[in-house]
Amino acid sequence: MEILQQAYEARSKKLNKIEKVKALKSPKEAYEKLEEYAQNGYASIPDEDKSYFLKCFGIYDRAATPERFMLKLRIPGGYMNATQAKVIGECAKEFGEDYMDLTTRAQCELRYLRIEDLPTIIKRLEVVGIDAYQTGVDNIRGIMADPFDDRAFDNILPSHHILLKMQAIFLHNHEWISALPRKFNTAITGNISNRCNVFCHDASFVLAQKDGVYGYNMYLGGKVGVVGKNADIFLKNEEEVLAAFSSIIDIFKRFGFRDNRNKNRLHFLIEAVGIKEITAAIRENAGIDFATAGETMTKMDYYEPDQGKVQLRDGSFGVHVVIPSGIFKGSSMMEAARLAEVYGDGDIRLDMEQSLYIMGVRDVKELVSESYFSEYKSLNTPYFNHLIACAGTDHCPFGVIENKNDAIALSTYLDEKVPLEAGRVRMYWSACVKGCGIHGLGDIGFEGCKAKVNGINGSGVNIYLGGKLAGEGAVEGHTVIKGAPLEYAKYYVESLMLEYKKLRNDGESFEHFTDRVLRSFTNAKIGFMMMLQAYLREKNVEVDFGFETKVHTGKNEEFEVFELGRRLYFQLAKQEAYSAYDRFTNVVKREKLEDIRKLVPGIDENIAWMLDLILHSDEQKRAVVFSELMPFIMLYEK
């Protein structure tokens with residue numbers, strides 16, 4: 001613990017401005033004045049309460065919706081019963097313009113709420129066991145879990161009861177409200193499949209086995225786009241999980257940094273002192289010499305959204321309800337509650353992809369024949385089954401792009417241009433670098449940014465590729481195109497989907513296609529090919545030119561550039577650019593490149609110039625990186 005104290009002291013010379021705001025009063029004081037604020041109106045609320053203290057209770061003042069609040073609910077593990085769902089829906093319909101968001105943490109957010117109505121809403125929710133306590137700012141947020149838990153065939157250790165006991169340690173406990181340096185995210189799963197992005201939380205408790213005993217391995221320091229580190233701790237039962245959880249949140253409360261809020265998550269404390277020091281501190285603080293880690297058993301990806309349903313242990317089904325971008329209505333939640341009571345056992349489960357499941361359904365065919373499934377399908381197209389998009393500019397002060405409808409528009413475009421009868425494509429959208437839409441973990445990720453078209457700033461995206469969720473191998477993807485204007489991004493992704501459709505094996509997911517085909521190339525080539533193919537389609541250049549499945553260039557960009565030029569020249573001219581090649585250059589050094597304009601009359605001039613530069617007779621004048629070639633294939637002017 002001495003090393004932790006030293007690290008804390010080294011970072012304690014200056015407090016950030018939020019810590020100074022916290023010193024003004026206790027959050028309880030602000031919450032107790034909620035009725036008074038409701039009576040006196042929005043103008044009566046002090047700035048510090050709007051900017052911080054009310055957020056401790058999930059009440060967010062949003063500049064994007066003036067004098068209207070967002071209420072972030074706590075849905076433990078995403079578990080709701082029909083009664084709770086009905087009341088949540090009623091509150092959204094009556095007080096919030098019939099609108100709600102489903103989130104990537106399997107939670108609900110109500111919006112457009114007036115301060116005058118908040119006490120009434122909160123009381124209605126409390127009657128059915130739902131509240132918004134400690135769902136914002138520097139608190140322990142809603143704990144994530146597998147949406148099926150003990151009802152799934154792949155469940156080894158039922159964990160929801162442990163989640164509730166973990167939650168009881170801090171929830172409604174004023175010693176814990178706003179006591180942390182930053183937010184703290186937690187997840188627990190006893191399932192073989194990873195349905196809750198379990199490795200990317202501040203503290204994760206993941207199904208494991210050691211010496212024939214099932215328990216949980218502990219992972220620490222995860223956050224958006226960052227996989228937690230194995231803490232080398234195995235927890236053999238409920239008591240040990242609760243002890244380890246209590247220990248790590250106490251350590252973070254006492255030693256977490258309080259200077260730079262951008263570097264105050266648990267991740268940065270671990271970076272400062274090392275995971276071994278944190279692990280030792282957990283054992284010392286808990287007074288338990290926890291066993292070293294066992295073998296992590298949560299290794300599989302989840303496929304239920306691709307089937308539209310999943311059979312449960314009792315023979316009934318959990319039926320998927322696809323909610324694109326998590327845009328939902330209160331009236332739709334009320335109807336889901338009705339369907340859950342009529343066709344299921346009254347339970348509803350939210351998932352990390354902003355959708356839900358109606359549980360305990362015996363007659364799936366009868367359920368999905370309801371008109372509800374005309375609007376919200378149980379099985380949508382591959383472009384919608386796994387679609388995620390965070391709040392965006394309509395509701396979030398950090399958003400750079402609108403995001404939710406951008407995501408829906410791009411998926412709709414792909415449905416029309418590259419229809420897929422089957423397949424699995426996870427497209428995750430974040431409206432800014434904060435990454436609430438976990439874009440880095442998608443097969444294809446989109447991060448909102450600004451992009452210029454004809455010198456005018458507009459909405460754009462950085463496009464990522466190759467994120468993974470399953471198992472300890474969860475990784476963040478890599479940027480393949482930076483600053484693509486939104487109106488052109490769809491053409492670039494269309495290029496990828498055409499290649500996926502053409503080259504994939506039977507039943508192959510886009511993730512596996514990426515591993516088998518795309519990972520053979522540099523990110524620069526992948527991005528360039530996406531743009532080049534879009535350009536060729538726009539200019540009606542009919543040529544069969546895509547990614548090779550047998551690659552000889554390695555991940556050497558210079559070789560890739562030359563090979564691309566040679567292949568494209570051959571496809572267009574029906575003859576080789578040079579008579580012979582030695583690896584990735586021509587053998588006969590005095591041989592001159594024949595002008596492709598003579599061989600292909602009417603060839604697009606930009607393509608001709610690009611091939612001249614790639615295959616120039618003078619090797620010293622050839623392009624060696626794809627960025628040199630970008631100006632030739634732009635669909636717009638920056």
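Predicted model: local features only at pLDDT ≥ 70, side-chain atom pairs only at ≥ 80, totals over all residues.
Colleague: Thanks! What makes a space a cavity, and what makes one a pocket?

Modeller: On a 1 Å grid over the protein atoms alone, a cavity is a set of points where a 1.4 Å probe fits but cannot get out; a pocket is an open set with protein on both sides within 12 Å along at least five of seven lines, and lining residues have an atom within 4 Å of a point. Grid points are joined across faces, edges and corners, and a volume is the space filled by probe spheres set on the points. By this rule there are three cavities of 30 Å³ or more.

Colleague: Which residues line the second largest cavity?

Modeller: Its lining is made of Tyr31, Phe57, Leu71, Ile122, Leu125, Ile130, Asp131, Ala132 and Tyr133. By class, eight are nonpolar, none polar and one charged.

Colleague: And what about the second largest pocket: how much space lies in it?

Modeller: About 360 Å³. It is lined by 21 residues, and the closest to its centre are Ile481, Lys482, Met531, Met630 and Lys638. Strand S21 (478–485) is one of the elements that give two or more residues to this lining; S21 gives the most, with six. Helices (H or I, at least four residues) and strands (E, at least two) are DSSP runs, numbered from the N terminus.

Colleague: Why is H16 called roughly perpendicular to H18?

Modeller: The axes of H16 (residues 486–503) and H18 (residues 523–538) come within 8 Å and cross at roughly 100°. Angles under 35 degrees count as roughly parallel, over 145 as roughly antiparallel, 65 to 115 as roughly perpendicular and the rest as oblique, so H16 is roughly perpendicular to H18. The axes are lines fitted to C-alpha atoms, for helices over the stretch in contact, and angles run from 0 to 180 degrees between N-to-C directions.

Colleague: Why does Arg424 count as buried?

Modeller: Buried means under 20% relative accessible area, exposed over 50%, partly exposed in between (1.4 Å probe, protein chains only). Arg424 has 3% relative accessibility, so Arg424 counts as buried. Arg424 is found in the loop between helix H15 (404–417) and strand S18 (427–430). Not counting residues up to four places away in sequence, Arg424 touches several residues, including Asp301, Asp306, Asp443 and Tyr500.

Colleague: Why is helix H10 described as largely enclosed by the rest of the structure?

Modeller: Six of the eight residues of H10 (residues 266–273) are buried, so H10 is largely enclosed. Those buried residues are Leu266, His267, Phe268, Leu269, Ile270 and Val273.

How values were computed: Residues numbered from 1 in each chain as written. Heavy atoms only, no water. Nonpolar A, V, L, I, M, F, W, Y, C, P; charged D, E, K, R; others polar. Contact = heavy atoms within 4.5 Å.
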